[in-house]
Amino acid sequence: MADATLSGMHAISDAERRARLGRRHALATEHRTDAVVDAARAVVALHGTDPATTVLSALARTRDATPADVEQALYDDRSLVRILSMRRTVFAAPRDVAGTCLAAASDVVAAEQRRLLLKSLAEAGVSGDLDAWVTRAEQVALAAIEATGEVTSTELSQADPILATRVQIGSGRFVATPTVASRLLTLLSAEGSVVRTRPRGTWTSTQFRWATMSSWCDLGERPDPVVAATELARLWFAAYGPATLDDLQWWTGWTKTRTRAAAAPLDTVEVDLDGRPGLILADDTEPVEPLEPWVALLPALDPSSMGWKHRDFVLGPHRERVFDVNGNAGPTVWVDGRIVGGWAQRDDGEVAFTLLQDVGAEATAAVERRAAELTTMLGDVRLKARARGWTVVEKELRS
């Protein structure tokens, strides 16, 4: 720890935070993992709204894993479970962490999804007690999924007339009228009642089949939400700390009040993070040793790119070039814990990159090797911008 600087707090430098990131997030070469589930555990959970992110984020943190190993963890071993949780985002969480995430962060998501569904039903002209209508539709949907084992959204909509009811989303030119089945799956996912299983097609496909969570895997008894929130805060600080409460609030999607309540029982120490007060777990205050030089090409929406609200210590001045207009990270090039550029896959399959600052000849050569390896690994797979927009760097590289 550095000398006290902010109101008597110890200061932790940006360089040390980056060294911690390389270790904790399993990105530095000597700290990569052997198991896919440990790659997820290193960042609490892997981002999963874009299925390609889950795979590429896992591969970036493991020594010799392949897409098939990630699929085995998700669909055969089921050591990773897809959940709809923090910030209404899909995550692939270790099985023993999934229940904590659902209890600590999915309740707000589920409440909002129910509210939106009730609003859509009213706008579609469904009358009567809509709360009771939704409860009945959920029961019908779960029974249909349980009877079949696994279903697609389309198959579920055909299982019962109530599930084929059309709801309205948006207005004017942007109105859509999906079946209630698709909306129910989102709600049931946030409630932890159903789970996305193996997709139709390749590992980049977003067309999932669904099963009941109880038939897919045993998450154990759902923990108390208050206890779970504190445990989730602890896991996050262990992976992403030192950091601010603002960062934790952003990552979880909690209110400020809930964030403070969740963190309050933790044994933490206040620290100065470049003039901003932050927290670190009390048993994690020892300085870390510098790392050997490392590089990584991380996919869009990777947990390390999306882990904090205040990202300047890794992002520097490059936000407008490698993040989209809504604040979603695109594919990024990392050198020693800094985002130094972006990358994109061109239509012919080549992975090309742009460096936005001078990183030296050795690091540039290492990035070139990683881009070539990623080109070979992807083969015929083509990556698309899902759940986000193309970044400036991607547009330039793909033009």
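## Briefing: contacts, sheets and helix packing

Residues 24 or more positions apart account for 63% of the chain's contacts with a separation of 6 or more, where a contact means heavy atoms within 4.5 Å. This is a predicted model, in which local features need pLDDT of at least 70 and side-chain atom pairs count only at pLDDT 80 or more, while totals for chains, interfaces and linings use all residues. Residues are numbered from 1 along each chain as its sequence is written, and side-chain values use heavy atoms, with hydrogens and water left out.

**The chain as a whole**

- The secondary structure comes to 16 helices and 13 strands; helices (H or I, at least four residues) and strands (E, at least two) are DSSP runs, numbered from the N terminus.
- A compact globule of 399 residues would have a radius of gyration near 21 Å, and the chain agrees with its 22 Å; the radius is taken over C-alpha atoms, and the globule rule is 2.2 Å times the number of residues to the power 0.38.
- Along the principal axes, the C-alpha atoms fill a box of roughly 65 × 50 × 45 Å.
- Of the 399 residues, 51% count as buried, meaning under 20% relative accessible area with a 1.4 Å probe and protein chains only.

- Strand 4 is joined to strand 5 (residues 90-94) by five bridges; V81 has A93 as its bridge partner, and R82 stands opposite A92.
- Five residues lie between strand 4 and strand 5 in their hairpin, and R87 in that turn has a positive phi of about 60°.
- On the other pairing, strand 3 meets strand 5 over two antiparallel bridges, with L46 opposite A92.
- Strand 5 is mostly covered, as five of its five residues are buried.

- Four strands make up an open, antiparallel sheet in the order 10-11-12-13.
- Its edge strands, strand 10 (295-298) and strand 13 (351-355), each pair on one side only.
- Neighbouring strands here are turned by 30° against each other on average, direction ignored.
- Strand 11 and strand 12 share four bridges in the antiparallel sense, and T332 stands opposite G342 in strand 12.
- Helix 15 (residues 361-378) lies across strands 10, 11, 12 and 13, running at about 155° to strand 13; axes are lines fitted to C-alpha atoms, for helices over the stretch in contact, and angles run from 0 to 180 degrees between N-to-C directions.

**Helices 5 and 6**

- Helix 5 (residues 95-123) packs on helix 6 (residues 130-148) at about 110°, with the axes 10 Å apart.
- That angle makes helix 5 roughly perpendicular to helix 6, a label that covers 65 to 115 degrees.
- The contact involves R114, L117, L118, L121 and A122 of helix 5, and L130, D131, W133, V134, T135 and E138 of helix 6.

**Helix 1**

- Among the buried residues of helix 1 (residues 14-24) are E16, R17, R18 and L21.
- Their cover includes strand 8 (268-273), strand 9 (276-281), helix 13 (312-315), strand 11 (332-335) and strand 12 (338-345).
- A26, which follows helix 1, has a positive phi near 55°.

Methods
Two strands pair if DSSP finds at least two bridges between them. Angles under 35 degrees count as roughly parallel, over 145 as roughly antiparallel, 65 to 115 as roughly perpendicular and the rest as oblique. Buried means under 20% relative accessible area, exposed over 50%, partly exposed in between (1.4 Å probe, protein chains only).
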